[in-house]
Amino acid sequence: MDDNNVFLSVNDLVVEYTSDKKIIYAVNGVSLKLEKGKTLGLVGETGAGKTTIAKSILRILPDPPAKIKSGQCIVGGEDMMQKTEKEMLDIRGNKISMIFQDPMTALNPIMTVGEQIAEVIKLHDKSLNKKQAFAKAMDALEMVGIKAERGGEFPFQFSGGMKQRVVIAMALASNPELLLADEPTTALDVTIQAQILSMIKELQQRQNTSMLLITHDLGVVAETCDDTAVIYAGEIVESGSKEDIFDHPAHPYTIGLFAALPKLNEETDRLNPIKGMTPDPSELPEGCKFHPRCEFAEKKCKCEQIPMVEVSPGHFCRCCRVNELER
Amino acid sequence: MVPVIEIKDLAKYFSVPAGKNLAVDGVSLKIERGKTMGVVGESGCGKSTLGRTIIRLYEPTSGQILLNGEDVSHAKGAQLKKARENMQIIFQDPYSSLNPRMTVEETVSEPLEISHKYKSKAEIMDKMRELFHRVGIDKRYRLAYPHEMDGGRRQRVGIARAIALNPEFVMCDEPVSALDVSVQAQVLNLLMDLQEQYQLTYMFVTHDLSVVKHISDHISVMYLGQLVETSPSKELFANPLHPYTKALLSAIPSIDIHRPMQRKILKGELTSAINPKPGCRFAPRCEFATESCSAPQGLQEVGTDHFVSCCRINEI
Amino acid sequence: MKAGTNRMGKYILNRLLWMIFVLVGTAIVIFTIMYFIPKDIAKVLLGSSATQAELASLRERLGLNDPYIVQLLRYLKNVFTKFDLGKSYIYNVPVMQELLSRIPRTFFIGCSVILFDSLLGIPLGLMAGLNQNKWQDALCMVLALIFVSVPNFWLALQLVDIFAVKLHWLPAFGIGGIKYYIMPVFAAFVSGVATNARQMRSSLLDVTRADYITSARAKGVSERNVVLKHMLPNALIPVVTGLGVGLGKSIAGSVIIETVFTIPGVGMYLLTGINNADYPVVQGSIIILSFFSALVMLLLDIVYAQVDPRIKAQYSGRMHGVTK
Amino acid sequence: MKEKKHNHKKHNHENHIHEEQIQVRKKSMTMITLKRLSESKTAMIGLGIIILIFLVSLIGPFFCKYGVNEMIMADRCLPPSAKHWFGTDTYGRDIFVRLLYGGRYSLILGISGSLFGLAIGVVLGLINGYIGGAFDNIFMRILDIWSAIPGTLLAVLISTVLGPGFFNTMVALSIGSVPLIIRLLRGRILSVGHEEFLEAATTINASPFRIMFKHMLPNVISPVIVNTTMSVGGVILEAAALSYIGLGIQPPNPEWGAMLSDAKNYATYYPWMLLFPGCAIALVVLCINLLGDGLRDAIDPKLKK
């Protein structure tokens, strides 16, 4: 990856939650890089810390219980962690936007969708009056394929897919440079998912937006992303270009994920699941977080802090046995 | 051989403020012993209602349900009880399918107690231990409550409850949709193992096409309460005929990055089956729709066991 | 926006019809409960010295010999077509006439109470909820707890003792200018303020966790506007519902408060009726108070529909999935 | 690391039971709730004081030197002193002793009134929730009427009709609380009603009775319990108000509200006659509310932190 072209770079981010006197280690030293105009897919299972990373970049984690312990989030050369709250207000929804997982709850139920889009437009372009902002909001609605006349309706009058379009219109209304898409299609049906993904892709290309796409679905990554990072228990275990990860997965977890997936073009009698369960984030194992489930685990996996190893140019893997396991 | 489940022209309508919701509307299919019928479709297409009507959680509006050849569509009393013991269900959401106030043991032993097939507490305990073993729950979880377990384990408890009375037919309502990929594979394998060991007959309802392909022998595609295509699993994926099936298959995000799928993006959204017009319900979203599509449609055989409901099938 | 007003009209019409239904129902229930009073009214009125003949003629005159259903229908007909609630047994004056002069006093107290309940309770709850676990929160909640625990008539008696008897600032009882109402209204609204503040706080805390609040923050909405534009309107919805419950309490409370301050309102009248076994008075007063409560409920319903668009939309058929 | 005793039944899909070293603990929702409740200091203080008052009011009078209705003419209208801790009333009765006796009335009336309302509400609510459909529609209309008459008015009306007396007062006080309980239950049943474990219970042939009481009730009851706890305070206040206006518990029984009613005309000259019963009511209601708040936080801990 060309370091000069990096637009988003997250360095050593650590986030913890406190709940009922327990500390939940949600994000444990995550680093990510994303180039201008490209899409990075962040893949991981429930509770791996994906959403927390996105919310940390925007600094909208509720504090308490969440606390950003350390790390930088550099967007376009500026560290978000150093910004004042006032500066962040200008950045949120303007330079960086976010699409949320559940369109059913992400919209304010008692404001019309037009008002909600106009709100973000007016916030970031103070020169507009109410009418102009509303007119622009109607344009944004048309952009995502909703007739402008529906702008006066309330969220409950829209279906799930339509709501997600509204959420996307809201996120893209002020041409953000960075889009954080948190499972944007998980709550939707496949045919609607296909519509939404291709629409996001098209709008992103048109506006040359960089996108961090958070998902648990490897298929979605395969179709939409340029680069991929795999996250497990709050740590990036493998990162690289899409080709690196899909053609030459190196970390046992990534390999296991692919093996556990039923495939459309292969006949298999039984799947190969990863044994066990994801660890409780308040009681993470020592050493490699994956070792209790890993079939290649050795003694050294259990005690060492495992560093990222570059297996091929741009392809990193957090496994101390990666060189021994190479086929 | 008599199929374990055969339904003929089954319909289930719900009254809603806006009229009638034809959730299931004239569906016929059969499932042979030890086989799996996959039912796919998008949310709101009536696939769950179909399954729940078959196992008699809902009273069918019309049509027949034959369990081993016996008509149970309006069974009552003892006959219904017997039928229900033979037809069980595994739910989608492992969080809401277990009573949060009951321990694993209570949940699994409840059907055993109600059935009165076991004479003593000891027999029930024995049977329960066997069930735990079959579905792979450590017996230390016996006294745990659902909130103390993760999704995968809860789903295993749900499976144990479903197979407790040795049913022949199990309706699986999206049993792995709520689970993470790695756990999903564990549960799918368990379901297939159980099928093999006990000759279970499954109806597997899901929206995930790769899962349904993996587990099913036969697949039915539903759209707004009706079957649009039904065929052996391999045949369906090799040779989808209905325009909706084609769109559905092409919409699956594939993990093969070198051979991207030719994407067919459907316009419009799944509406609802409330007061539909006669004719093909997919027509408003179909690129091939013509006037002839507004006439009532029926399934026609186009190959061995391969049925399609589309009047323009030969033209496209 | 024309569709909007039309929708609102439909909604109000629907609520009005509902209210009439409830009013009739309430009248039936109250009449029926009173009908089963196990005392012989004629005996109560004429005393134990009355002869059988006297009793019989009185029963005949009051229509007490008719079957239940006839009496009920007669009563309903009088109430709803002639606005006639019968005559007081004791004073032989039409109940309605007596009530008309008393209603404004009771309604004035009732409405002021609801007004203060919401004007003071909502901001207090808001302050507590926004400063969760800080001293403002603790202070509000401790005060609220104390206020809901104090019996209002006792508070009223203490107020009289301090402000009327000891300090001579305010009149102790009776009616007159506005200052006669200060203590009664205060004593009656205190617990309602506390209830509203508690409700407001918890519904605000509920809303704080909603996804759309996170998404408003992600849009760059300032914290002030997140609270004012997104949290507050949503958090108000359950509070408006709660006001309805509080309303019932404050109306019933008027009986007690009027007794303490000897205000000749509906409540006092009701109590006199009870003490004299003057049942038309009891029945009429309770019906009027219930009607008042139903009326304010109707107003609250309309406010509710203004706050929550989903309510109105039920009357236009334009919900998702129900279209066409 | 697999447990040895499992190995004799080794099975091909057993790979997930790996290294289960954690001891599975049995912790029902009820126990978790109670534990959380016990951690709340304010709730425990509230509970402690209520229990204390209740015990003292039960046992205390046996150790007092004055009878509850014992009038000592020489001791009329005495201020608090070592002899009469809380002073005496206009008949020369010891206010402290009367307060102790009155505690029984208030607490038992508050608790039994709430429980009676709860019982009626739960039975009606469950039946309605189970039948549902058109029945629910009609039932809700009836409830609209029922709740249109303010609770206290209903209590006034019913106690007028039934006449005074402990049981009658309890009935009068509880009737008004029923609609709210039914609504709460109904709301919960609507949200829980579609949960799949209820369907599961149907498929295993559980009887309607079993579904209602074993599966539905435990999962819908918690907000109702919180409400009932809170309503004990409300019922005590209402009972006092009823006695104050001359309904409900009648003099010379030392109900706190009746004591206030007796004292109201002498407040200026003998403030203790008014002060102590009022404080007693406020203290008990406050403690019950503390307990209720703690219970609500324990059941729905989201509201706390």
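In chain B, eight strands form an open sheet with mixed pairing, in the order E6-E7-E8-E3-E9-E10-E12-E11. The model is predicted.

**Exercise 1. Describe how strand E7 of chain B joins strand E8 of chain B: parallel or antiparallel, and by how many bridges?**

Step 1. Strands of a sheet pair through backbone hydrogen bonds, either parallel or antiparallel.

Step 2. Locate the pair. E7 covers residues 169-173 of chain B, and E8 covers residues 201-206 of chain B.

Step 3. Read the direction and count. The two strands run parallel, joined by five bridges.

Step 4. B:Met171 has B:Met203 in E8(B) as its partner.

**Exercise 2. Classify the packing of helix H12 of chain C against helix H5 of chain D.**

Step 1. Take H12(C) as residues 279-307 and H5(D) as residues 151-162. Their axes come within 11 Å and cross at roughly 160°.

Step 2. Apply the cut-off. Angles over 145 degrees count as roughly antiparallel, so H12(C) is roughly antiparallel to H5(D).

Step 3. List the contact. H12(C) brings C:Tyr279, C:Val282, C:Ile286 and C:Leu289, and H5(D) brings D:Leu153, D:Leu157 and D:Thr160.

Step 4. Sort by class. Six are nonpolar, one is polar and none is charged.

Step 5. The crossing of H12(C) and H5(D) is left-handed.

**Exercise 3. Describe the packing of helices H3 and H12 of chain D.**

Step 1. H3(D) spans residues 95-131, and H12(D) spans residues 271-299. Their axes are 11 Å apart, at an angle of about 35°.

Step 2. The crossing of H3(D) and H12(D) is right-handed.

Step 3. From H3(D) come D:Ile95, D:Leu99 and D:Leu107. They meet D:Trp272, D:Met273, D:Phe276, D:Pro277, D:Ala280 and D:Val284 of H12(D).

Step 4. The class count for this contact is nine nonpolar, no polar and no charged residues.

**Exercise 4. Summarise the contact of chain B with chain A.**

Step 1. Count residues: 42 from chain B and 45 from chain A.

Step 2. Give the area. The two chains bury about 3,700 Å² between them, with 58% of it on carbon and sulfur atoms.

Step 3. Name the chain B residues that lose the most area to chain A: B:Ile255, B:Ile257 and B:Glu269. Together they make up 18% of what that side buries.

Technical notes. Residues numbered from 1 in each chain as written. Chains lettered and ligands numbered in written order. Predicted model: local features only at pLDDT ≥ 70, side-chain atom pairs only at ≥ 80, totals over all residues. Heavy atoms only, no water. Pairing = 2+ DSSP bridges. Helix = DSSP H or I, 4+ residues; strand = E, 2+ residues; numbered from the N terminus. Axes fitted to C-alpha atoms, helices over the stretch in contact; angles between N-to-C directions. Parallel < 35°, antiparallel > 145°, perpendicular 65-115°, else oblique. Left-handed = near helix turned anticlockwise from the far one by under 90°. Contact = heavy atoms within 4.5 Å. Nonpolar A, V, L, I, M, F, W, Y, C, P; charged D, E, K, R; others polar. Buried area = accessible area lost by both parts, 1.4 Å probe.
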